[in-house]
Every structure is written in structure tokens, then in C-alpha cells.
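Here are my notes for your first read of this model. Keep the structure open beside them and look up each residue as you go.

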Amino acid sequence: MSDNGTDERGALPGGIATGVGSWPGDDIREATATVVGELGDLPHLVELPDRGVGADMVGRASALLVDMRFDTTTRGYRLAVRPGGAARRSRDFLRRDLDTLEEAWETAGLTGTGRTIKVQAVGPLTLAAQVELPLGHRVLTDSGAVRDLSESLAEGLAKHVAEVGKRLGAKVIVQLDEPMLNAVLEGSLVGPSVMNTVRAVPAPEAQHILDTVITAQPGPVLIHSCEEPPALDFLRGTATAGVGFDLATIRTADLDALGELLESGRHLALGLIPTTAPATPVTWRELAEPGVRLMDRLSFPRRRLATQILVTPACGLATTSLDWARKSLTLATEIATAYTDEPEALTFD
């Protein structure tokens, strides 16, 4: 690991737009064609949680794990001795999604061009917080089970990345989603009943768990969290190449951590596009302003917008309308173009 947060696996690109992962509806063919067509610099493998069990962020992980599978409970997912219906659905969904992506990639003339694609997976801390052991306690309560789960995810995700890269002839970036990171670090989770609390995971231990997955991947890894506020100081201590978050959640107290992330060479995926359509129409210029102001407040040259910033929606788009989801990608692309072309010339009233 070098002092800029990257290693021989390479760095994230900058000055481009991408999606967070989820998309509304259940039409994988339409969703994939839209994302590949709109996000030319960094499209992603679409997630459609509206399809139900096995298609949501946690259930989808069952298709990636090595020698571990999930089944369902009334509360969600649990580790199972043998593959159940949830595991089969998860694998079927992922296989269909990859077939559809390969077809769209070929139709767009991108096969074998070495372009970059992003895949997403739930991070090991959120996974261990969400999935139960056979007796009903969270995996997070058993350090041995957490280790096994994170190692299984690390190996399975690396195989997934290799398959995607081979199918598309593309470079692959991984995004780990950690929406429960703060709860894991703060110890605010409860067990099967309110009387059963789950201990807070110490930061060094949690960082090791994340790094188990990050360092197993052949390419750069971005960690995304929609939490308010994002755990920036904690994430700076991991091997991640970048951090993604909703910029609207950033407080003045977070600015130092953001500056240190950028100074270390890490990238920021700024969630600038709201996940629901605003009451009044907005322009790319209005949505671009907070990112420019951030560079100014940090006293960094605006050219870093073109080298260390990615533009994304604030979070996943599964709960929004199709019209706004499509508009979000257009706006993100327009902002990224402005950041790349002449960031120093951008002015605001």
C-alpha cells in the first residue's frame, strides 16, 4: 500500500459520473440498456430490489459467497446448512443480470475495449449485521462467523469480478455498500429481542474486516455509505481507494476528514443528485455548486474535481420513479463534464 491509498491494483478514475447501484422496477433489460447508454465512462451492474427475495442488497450476496448460503426468516436472512430458495433465486437473478449486461455491452460495441464497469456488493460489516446465525442471533455477535463470512465474501467477490472482466473484456471496479456502518461501530444494534444488545465493534477490528474484502480484489474498491454523517475518519483508516456519500450529510466537522482523504490520494464519489425528484425543476449547475464549494472550502484547486471526484446520485434509486432515475444519470453526467472541462471557470450567483 502506498501513501496515497492505492496500490498496484490501480486507482479510481476521476471527473466522471456513475450510479450507486439500485434502480426502480423489475425490467433488467431496460435498466441495463439505460445505464450502459447513459453512463458511458463508468456504467454499473444494475440491482433491482423490487424483484423481491434474493434481489435486494443482502440477499444478492448469497450468490457471491463461497461455501456459504442464505435462507429466509420472518426477519430477513440467515445462514443455512444447505442452499434454500433464497440462495437459488439470488444465483438465478445474478446469472440473468450478467447475461443481460454482456448482451448490452456487446450491442454498444464495448466488448474487449478495456472500458471500465462497476459492480456492487454489500460490505462485510453490514452483511454480518443483517444476516442471522441459525439460532437467530446476528452473525456480528460471533467473531468466528464474521471472519468466515468476510473471507467467503472476499473470495466470491473476487471470482465475480474476474467473471465480469472476462465476459466484457473490461476493467472492473468494486463498490462495497456499508449502510449500517455507524450502527456497527456504535453498538446500537439489537439482537433477537430488545434485551439482547450487540457489542460495538472496535474500529481496528472493523477496519480489518473491511480490508479482508478490499485487499482480496484485483482492482480498486470504493466504499459507499448513505449514512448521516458518513464515518469518514474510520474509512480513512481502511485500504479503500475512495469513499462515496451523500454530500448533503456533510457537516463542518467533517471537512478535515474529507481534506485528509483527498490529500492521501483517495477519491470521493459525491452524491449530488437527490434520490427523489425535487418539487421544482433543477439544473445541473444548481446541483454542481456544492461540489465546487467543497473544493473551495477545503482550499484545494478546483482541478481536483476532474481527477479525484466522481459524481453520483445521493444514494440508490430503487424507490424513485423511472423518469427521475433516468434524469439523475443525465444530470450526473452533465455535472461531471463541467467538472472536467473548465472547473476553474464555474461561477454561481
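1. Which residues have the most contacts inside the largest nonpolar core? They are Leu127, Leu258 and Tyr339, and the core itself has 106 residues. Bear in mind that this is a predicted model.

2. Start with Leu127. Leaving out residues up to four places away in sequence, Leu127 touches Val58, Ala61, Leu65, Phe70, Val122, Leu149 and Leu153. Another core lies apart from the largest one. That other core has eight residues, among them Ile16, Leu42, Ala269 and Leu310.

3. Next, the overall picture. The protein has 12 helices and nine strands. Its radius of gyration is 19 Å, close to the 20 Å that the globule rule gives for 349 residues, so the protein is as compact as a globular protein of that length. The C-alpha trace spans about 60 × 45 × 45 Å along its principal axes.

4. How much of the protein is buried? Buried residues make up 57% of the 349 residues. Now look at contacts between residues at least 6 apart in sequence. Of these, 74% join residues at least 24 apart.

5. Now the aromatic rings. A search of the whole structure finds one aromatic pair. The partners are Phe70 and Tyr77, with ring centres 6.0 Å apart and planes at 45°, so the pair is tilted. Phe70 counts as buried because its relative accessibility is 0%. Tyr77 also counts as buried, at 9%. Phe70 is one of the residues that Leu127 touches.

6. A charge over a ring deserves a look too. The charged end of Arg304 sits over the ring of Phe300. The distance to the ring centre is 4.3 Å.

7. Take helix α3, residues 85–107. Its 23 residues reach 33 Å from the first C-alpha to the last, close to the 33 Å expected at 1.5 Å a residue. Its buried residues include Phe93, Leu94, Leu98, Leu101 and Trp105. Ser90, Asp97 and Thr100 are on the buried list as well. What covers the buried residues of α3 includes α1, α2, β2, β3, β4 and α5. After α3 comes Gly109, whose phi is positive, near 75°.

8. Compare helix α7, residues 203–214. It has 12 residues and reaches 16 Å from its first C-alpha to its last, close to the 16 Å expected at 1.5 Å a residue. Which residues of α7 are buried? They are Ala206, Gln207, Ile209, Leu210, Asp211, Thr212, Val213 and Ile214. These buried residues pack against α4, α5, β5, α6, β6 and α8.

9. Finish with a loop. Where is Pro229? Pro229 is in the loop between β6 (221–224) and α8 (232–236). Pro229 is partly exposed because its relative accessible area is 23%, and buried means under 20%. Leaving out residues up to four places away in sequence, Pro229 touches Asn182, Thr249, Arg251 and Asp254. Pro229 and Ala248 are 19 residues apart in sequence, and their C-alpha atoms are 9.3 Å apart in space.

Terms used
Residues are numbered from 1 along each chain as its sequence is written. This is a predicted model: local features need pLDDT of at least 70, side-chain atom pairs count only at pLDDT 80 or more; totals for chains, interfaces and linings use all residues. Side-chain values use heavy atoms; hydrogens and water are left out. A nonpolar core is a set of buried Ala, Val, Leu, Ile, Met, Phe, Trp, Tyr and Cys residues joined through side-chain atoms within 4.5 Å. Buried means under 20% relative accessible area, exposed over 50%, partly exposed in between (1.4 Å probe, protein chains only). Contact means heavy atoms within 4.5 Å. Helices (H or I, at least four residues) and strands (E, at least two) are DSSP runs, numbered from the N terminus. Rings of Phe, Tyr and Trp (its six-membered ring) pair if their centres lie within 6.5 Å; planes under 30 degrees apart count as stacked, over 60 as edge-to-face and the rest as tilted. A charge sits over a ring if NZ of Lys or CZ of Arg is within 6 Å of the ring centre and within 35 degrees of the ring normal. The expected span of a helix is 1.5 Å times one less than its number of residues. The radius of gyration is taken over C-alpha atoms; the globule rule is 2.2 Å times the number of residues to the power 0.38.
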